[in-house]
Amino acid sequence: MDETALIQTVARLLMAPKGLLAADESIKSCNARFEKLGVPTTEEKRREYRELLIDTPGIEEFISGYILVDETIHEAKADGTKFTDILKGKGIEIGIKVDEGLIDLIDHPGEKITQGLDGLSDRLKEYKKLGATFAKWRAVYSISENTPSELCMKANAEILTKYALNCQAEGIVPIVEPEVLLDGEHTMEKCYEVTSHNLEILFKELADKKVYLPGLILKTSMVLPGKDMKLEVYPSEVAKMTVKCLKEKVPDVIGGIVLLSGGQPDEDATVRLNAMHQLGPLPWALTFSYSRAIQNKVLASWAKDPADVALARSLFLAAAKNDSLASVGEYKV
Ligand code: 5MM
């Protein structure tokens, strides 16, 4: 394992005041978002949309890495320039989602594990040749009366760890994403409890199997009450609970932490990250890796008027700038 190369990639990804763009919606999720807005669900429309995101002038000021999917990493601009060359030219790290989605956890209704370990090493080698320096794998946990079960958390921790070891062996920085879903009627305290216990299980497994923590990034959900509670929570409260949970369970030596937005309102994701940085110095780098919270307005604008790429790009730059400011606690409402 080339530890120095991993650390250098982590440093480039987490260089303040930047964060990551998650543009790794699977074809299915991307199509579902397109469909809602009346955009044709064709490969060409997906390519066109991703071109808009990848070729936005100046975005490198706010974004250090793009997480792509298999389809996009092989694609090019309408004029033939490869997407990977555009990103490299801007000094943006190329990331790739390597999990192959969720499957049911046998005998555990409502619970999922993530698949994609088969042939992973070969796929990583291929992505590395295309320029990828980091990867991402997402596991999900639903909160309900009986979930997440110990078995679900342990099974996903084992899978995330195998994935991380594979990545590091290939010189690719793994992002491990254990996402506690926002759906449900649970309290914020319950979310704290579940996130905390799950992180404990995950970091024990990562340490037991000797994953190199300075060469790993955690992508986590925030500690929030369930969406169906329809509760207003102060950003300072979310920040306090999330940071407390992370400080207690994430080793200081980790490469760093990035947050997902998880379906919370765009502005909330920004304000809450900002509030975390106002709590004083943190033991690890902490920034954003949003998909919806950055892209919602961009996609809506482009769907309405695909010819007005300039408007969609200005919305993308504005959202990325706000999150960049929040990543150093300088965002002002
Ligand atoms: C972009 O969404 C990713 C998962 O996509 P699929 O469900 O289509 O496979 C997801 O991992 C994403 O990277 C994170 O959840 C962050 O996205 P949000 O929208 O939560 O910020």
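How many aromatic pairs does the count come to? The count comes to five. Rings of Phe, Tyr and Trp (its six-membered ring) pair if their centres lie within 6.5 Å; planes under 30 degrees apart are stacked, over 60 edge-to-face, and the rest tilted. Phe34 and Tyr49 form an edge-to-face pair, because their ring centres are 6.0 Å apart and their planes stand at 85°. Phe34 belongs to helix α2 (residues 27-36) and Tyr49 to helix α3 (residues 43-54), so this pair ties together parts that are 15 residues apart in sequence. Helices (H or I, at least four residues) and strands (E, at least two) are DSSP runs, numbered from the N terminus.

This is a predicted model, where local features need pLDDT of at least 70, side-chain atom pairs count only at pLDDT 80 or more, and totals for chains, interfaces and linings use all residues. Residues are numbered from 1 along each chain as its sequence is written, and side-chain values use heavy atoms, with hydrogens and water left out.

**The ligand site**

The ligand is surrounded by 18 residues. The closest are Ser29, Lys136, Ser261, Gly262 and Arg292.

| Side chain | Distance to ligand oxygen |
|---|---|
| Ser26 | 2.7 Å |
| Lys136 | 2.3 Å |
| Lys219 | 3.2 Å |

On its own, the ligand has 500 Å² of accessible area, and the protein covers 91% of that (Shrake-Rupley method, 1.4 Å probe). Strands β6 (132-141), β7 (173-180) and β10 (286-290) are the elements that give two or more residues to the shell.

**Backbone exceptions**

Most residues other than glycine have a negative phi, and most peptide bonds are trans. A cis bond joins Ala16 and Pro17, with omega about 0°. Pro17 sits in the loop between α1 (3-13) and β1 (19-22). The bond from Thr147 to Pro148 is also cis, with omega near 0°. Pro148 lies in the loop between β6 and α7 (150-169). Asp107 is not a glycine, yet has a positive phi of about 65°. Asp107 is in the loop between β4 (102-104) and β5 (112-114).

Note on methods:
A residue is near a molecule or strand if one of its heavy atoms lies within 4 Å of it. A polar contact is a pair of N or O atoms within 3.5 Å; within protein, one must be able to donate a hydrogen and the other to accept it, and residues adjacent in sequence count only if both atoms are side-chain atoms.
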